[in-house]
Amino acid sequence: MSLPDLQIGPLTIGFPVVQAALSGYSDWPMRLIARRHGASYALCEVMLDQFLVTVKENRNRNRHFLHITDEERPVGGQLMGAEPEQFAAGAQKLVQAGFDVIDINFGCPVKKVLGRCRGGFHLSQPEVALEIVRRTRDAVPAGIPVTVKMRRGLDDSAASRDKFFKILDGAFAAGVAAVTVHGRTVVQRYIGPSRWQFLAEVKRHLGAGKTILGSGDLFSAQDCLEMMRQTGVDGVTVARGAMGNPWIFAQAAALAMGQPLPPPPSLHEQRDVILDHFRLAEELYGEGRASAHMRKFGIKYAALHPQHVVVRAAFATVKNLEEWRAVLAQWYAEDLPGCYPDPAIHRGADCEEAA
């Protein structure tokens, strides 16, 4: 299947399979690893507007949130909050930090987020949601695209559906360049399948000329292409399916070009990427913080190992660089074939996806 380049406002992104924002995961090392493995675009982990307004860029402990480099451009910064005024101020901070796209999160389903009137809560109040969009668009320079991430509604009621389309249409009228739609409702969180047919309905509703990306249940390269084929969306954002599996982007590109699905990375290929990821994390956080921070990534990478259960357990206990090297020496010494990750592993995860 021939796929046109994804376009977000004035930015030509490229191959339309990109990495989603993942709270606690899609920091600079993960985004850079994804880009080096074929992701044409990636979004930073979601940041609170209040945090951005008060953060000091030179504070060592927080500097990683705003850390970007030219190698990963274009890169998106995702923003979440409650008040329209704070959104605008937070968006300006992301612009100052150098992000190429500002993405508004109207999709996060986490209970503590909803309880603070953030994320997916805004799907219940179109007037406030659209005020946020307008203020953000006005606060951001014209050449920088503003995008929105939504779920298909707060729930499956008719009223929720009407509010979804009011926000969707109003956002484009206010000047957003693209909208990403996750096929689950907010109350559904990650339970049950993502409703891809709703994405097709959204695309038909908008017609040509409006950029829509799809999200939800993208755990393999085949899933990415199948979502675009079934729904007509202009691109897809891979979230949980990219955690510990940056190879998914190159695999999707190969399939789109009519090539066979590339084999899963061998254990030595996996080991080398894990080490690269660790080195980037060490550069950003320092060795002590990197060892603890990378533990959750090691657990995700383990899904591609043929002995993934025991390897996952080994990564779950590492505390320093020496223990990391010991796990790699024990389980990645022989260059055996890897395996494709089992989608069931991801389906059970309760990741704080910006979805």
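Helices here are DSSP runs of H or I with at least four residues, strands are runs of E with at least two, and both are numbered from the N terminus. The model is predicted.

**Exercise 1. Overall make-up**

Task: State how many helices and strands the protein chain has, and what percentage of its residues count as buried.

Solution. 
- Step 1. The secondary structure of the protein chain consists of 15 helices and 11 strands.
- Step 2. Burial means a relative accessible area under 20%. Of the 355 residues in the protein chain, 57% count as buried.
- Step 3. Among contacts with a separation of 6 or more, 71% are between residues 24 or more positions apart.

**Exercise 2. Helix 6 against helix 7**

Task: Describe how helix 6 and helix 7 pack, starting from the angle and the distance between their axes.

Solution. 
- Step 1. Two packed helices are described by the angle between their axes and the distance between the axes.
- Step 2. Helix 6 covers residues 158–173 and helix 7 covers residues 196–206; their axes lie 12 Å apart at an angle of about 45 degrees. Helix 6 is therefore oblique to helix 7.
- Step 3. The crossing of helix 6 with helix 7 is right-handed.
- Step 4. On the helix 6 side the contact involves Arg161, Phe164, Phe165, Leu168, Asp169 and Phe172, and on the helix 7 side Phe198, Glu201, Val202, His205 and Leu206.
- Step 5. Sorted by class, the contact of helix 6 with helix 7 holds 7 nonpolar, 1 polar and 3 charged residues.

**Exercise 3. The nonpolar cores**

Task: Which residues touch the most other members of the largest nonpolar core?

Solution. 
- Step 1. In soluble globular proteins, nonpolar side chains tend to be buried together.
- Step 2. The largest nonpolar core has 60 residues, and Phe99, Phe106 and Leu168 touch the most other members. Helix 6 supplies the largest share of this core, 6 residues.
- Step 3. With residues up to four places away in sequence left out, Leu168 touches Met150, Val179, Val202, His205, Leu206 and Ile212.
- Step 4. There is also a second, separate core of 36 residues, with Leu22, Trp28, Val273 and Tyr285 among them.

**Exercise 4. Backbone exceptions**

Task: Which residues does a cis peptide bond join, and what is the phi of Asp217?

Solution. 
- Step 1. Most residues other than glycine have a negative phi, and most peptide bonds are trans.
- Step 2. Arg73 and Pro74 are joined by a cis peptide bond with omega about -5 degrees. Pro74 lies in the loop between helix 2 (49–54) and strand 6 (75–80).
- Step 3. Asp217 is not a glycine, yet its phi is positive, about 65 degrees. Asp217 sits in the loop between strand 10 (211–215) and helix 8.
- Step 4. The relative accessible area of Asp217 is 11%, so Asp217 is buried.

**Exercise 5. Two single residues**

Task: Is Val327 buried or exposed, and which residues is Val327 in contact with beyond its neighbours within four places in sequence?

Solution. 
- Step 1. Val327 belongs to helix 14 (residues 321–331). With a relative accessible area of 7%, Val327 is buried.
- Step 2. Beyond those neighbours, Val327 is in contact with Ala314, Phe315, Val318 and Tyr332. The C-alpha atoms of Val327 and Phe315 are separated by 7.0 Å, and the two residues are 12 residues apart along the chain.
- Step 3. Gln86 and Leu48 are 38 residues apart along the chain, with 9.2 Å between their C-alpha atoms.

Key. Residues are numbered from 1 along each chain as its sequence is written. This is a predicted model: local features need pLDDT of at least 70, side-chain atom pairs count only at pLDDT 80 or more; totals for chains, interfaces and linings use all residues. Side-chain values use heavy atoms; hydrogens and water are left out. Axes are lines fitted to C-alpha atoms, for helices over the stretch in contact, and angles run from 0 to 180 degrees between N-to-C directions. Angles under 35 degrees count as roughly parallel, over 145 as roughly antiparallel, 65 to 115 as roughly perpendicular and the rest as oblique. A crossing is left-handed if the near helix is turned anticlockwise from the far one by less than a right angle, and right-handed if clockwise. Contact means heavy atoms within 4.5 Å. Ala, Val, Leu, Ile, Met, Phe, Trp, Tyr, Cys and Pro count as nonpolar, Asp, Glu, Lys and Arg as charged, and the others, Gly among them, as polar. A nonpolar core is a set of buried Ala, Val, Leu, Ile, Met, Phe, Trp, Tyr and Cys residues joined through side-chain atoms within 4.5 Å. Buried means under 20% relative accessible area, exposed over 50%, partly exposed in between (1.4 Å probe, protein chains only).
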